[in-house]
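Have the model open while you read.

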Amino acid sequence: MNDETRLRIRHTFDRLSTSGRVLTAIDRSLMEAFERLMHGLPELTDGKITLVNLCTEAGVSRAS
C-alpha cells in the first residue's frame, strides 16, 4: 500500500471521528486494527488485510 492510499484512509478515519457521529468501541477497535494491518504491524494475524484478520486484530466477531 502506498503513502497516498494510507493518507486517504487516515483522512477518512479522521472525518468519521469529527463528523459528529458517535463512534462505538467496535468502530474504534476496527479502525485501530486496520491501521495496524496497513502499517504491517499485526499483533494476532499474518498481516494480510482480510475481513477475518481485521476482525481478529480488532477482537470483534464478523457479525459486528
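Where is the place of D27? D27 sits in helix 2; helices here are DSSP runs of H or I with at least four residues, numbered from the N terminus.

## About the model

This is a predicted model, so to speak of local features takes pLDDT of at least 70 and side-chain atom pairs count only at pLDDT 80 or more, while totals for chains, interfaces and linings use all residues. Residues are numbered from 1 along each chain as its sequence is written, and side-chain values use heavy atoms, with hydrogens and water left out.

## Around D27

D27 counts as buried, at 18% relative accessibility (buried is under 20% relative accessible area, with a 1.4 Å probe and protein chains only). Setting aside neighbours within four places in sequence, D27 touches R21 and V22 (contact means heavy atoms within 4.5 Å).

## The aromatic pair

Searching the whole structure turns up 1 aromatic pair (ring centres within 6.5 Å). The rings of F13 and F34 have centres 6.1 Å apart and planes at 75 degrees, so they meet edge-to-face (planes over 60 degrees apart). F13 belongs to helix 1 (residues 3-18) and F34 to helix 2 (residues 25-38), so the pair ties together parts 21 residues apart in sequence. Both F13 and F34 are buried.

## The core

The largest nonpolar core has 12 residues, including F13, F34, A33 and L54. Such a core is a set of buried Ala, Val, Leu, Ile, Met, Phe, Trp, Tyr and Cys residues joined through side-chain atoms within 4.5 Å. Helix 1, helix 2 and helix 3 (51-58) each supply at least two residues of this core, and helix 2 gives the most, with 5 residues.

Leaving out neighbours within four places in sequence, A33 is in contact with L54, E57 and A58.

How values were computed: Phe/Tyr/Trp six-rings, centres within 6.5 Å; stacked < 30°, edge-to-face > 60°. Buried < 20%, exposed > 50% of the residue type's maximum accessible area, 1.4 Å probe, protein only.
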